[in-house]
Amino acid sequence: MLAQYVDRLPWTVEVKEISPNKDQSAEVRKAREADALLKAVPEGSVIIALDEGGITESSEKFAARVAGWRDGGARTLAFIIGGADGHG
């Protein structure tokens, strides 16, 4: 399904997956995942953390936000999706 959406986009999409270590406590795992995710983000990127407790926006409002980042000079957006324990 991801490939169908990526094929429609006029820009490059790179997907990086961080493997969790399930042998650790949730708090340690969240902290290590957060560190690994941030290290995977290209320097200068706008970071968008996706979380079930985050704000909900309409497609139009989100598109306007993305356009604002673009118009402000952002060249890369990084969408961060935390693990099952949430973001660290």
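Mentor: Let us start with a definition: a residue is buried under 20% relative accessible area, exposed over 50%, and partly exposed in between. By that rule R65, at 35% relative accessibility, counts as partly exposed. Please keep in mind that this is a predicted model.

Trainee: Which residue meets R65 in a salt bridge?

Mentor: The partner is E57, and the side chains of E57 and R65 come to 2.3 Å, N to O. E57 is partly exposed, with a relative accessible area of 23%.

Trainee: How many salt bridges does the structure hold?

Mentor: It holds five salt bridges. One of them joins the side chains of E27 and K30 at 3.6 Å, N to O. Side chains of opposite charge can pair when their charged atoms come close.

Trainee: Where do E27 and K30 sit in helix 2, and what separates them?

Mentor: They are three residues apart in helix 2, so about one helical turn separates them.

Trainee: And is K30 buried or exposed?

Mentor: K30 is buried, because its relative accessible area is 17%, whereas E27 is exposed at 57%.

Trainee: Which other pair in helix 2 lies about one turn apart?

Mentor: K39 and D35 lie four residues apart there, and their side chains form a salt bridge of 3.2 Å, N to O. K39 counts as exposed at 65% relative accessibility, while D35 counts as partly exposed at 41%.

Trainee: Changing topic, what pattern does the chain follow?

Mentor: Along the sequence the pattern is α-α-β-α-β, from three helices and two strands. Of the 88 residues, 15% count as buried.

Trainee: What volume does the largest pocket have?

Mentor: Its volume is about 1,500 Å³. The lining of the largest pocket comprises 39 residues, and V13, E14, L77, A78 and F79 are the closest to its centre. Helix 1, helix 2, helix 3 and strand 2 each give two or more residues to that lining. By class, the lining has 25 nonpolar, four polar and ten charged residues.

Trainee: And which residues lie nearest the centre of the second largest pocket?

Mentor: They are I48, A49, L50, I55 and F62, from a lining of 13 residues. The second largest pocket has a volume of about 300 Å³, and strand 1 and helix 3 each supply at least two lining residues.

Trainee: Lastly, which residues form the nonpolar patch on the surface?

Mentor: L2, L9, W11, V13 and V15 form that patch, with about 490 Å² of accessible area together. L9 lies in the loop between helix 1 and helix 2 and is partly exposed at 32%.

Note on methods. Residues numbered from 1 in each chain as written. Predicted model: local features only at pLDDT ≥ 70, side-chain atom pairs only at ≥ 80, totals over all residues. Heavy atoms only, no water. Patch = residues over 30% accessible without salt bridge, like charges linked within 9 Å, V, L, I, M, F, W, Y side chains within 5 Å. Areas by Shrake-Rupley, 256 points an atom, 1.4 Å probe, with all protein chains shown as cover. Salt bridge = Lys/Arg side-chain N within 4 Å of Asp/Glu carboxyl O. Buried < 20%, exposed > 50% of the residue type's maximum accessible area, 1.4 Å probe, protein only. 1 Å grid on protein atoms, 1.4 Å probe; cavity = no way out; pocket = protein on both sides within 12 Å on 5 of 7 lines; lining within 4 Å. Points joined across faces, edges and corners; volume = space filled by probe spheres on them. Nonpolar A, V, L, I, M, F, W, Y, C, P; charged D, E, K, R; others polar.
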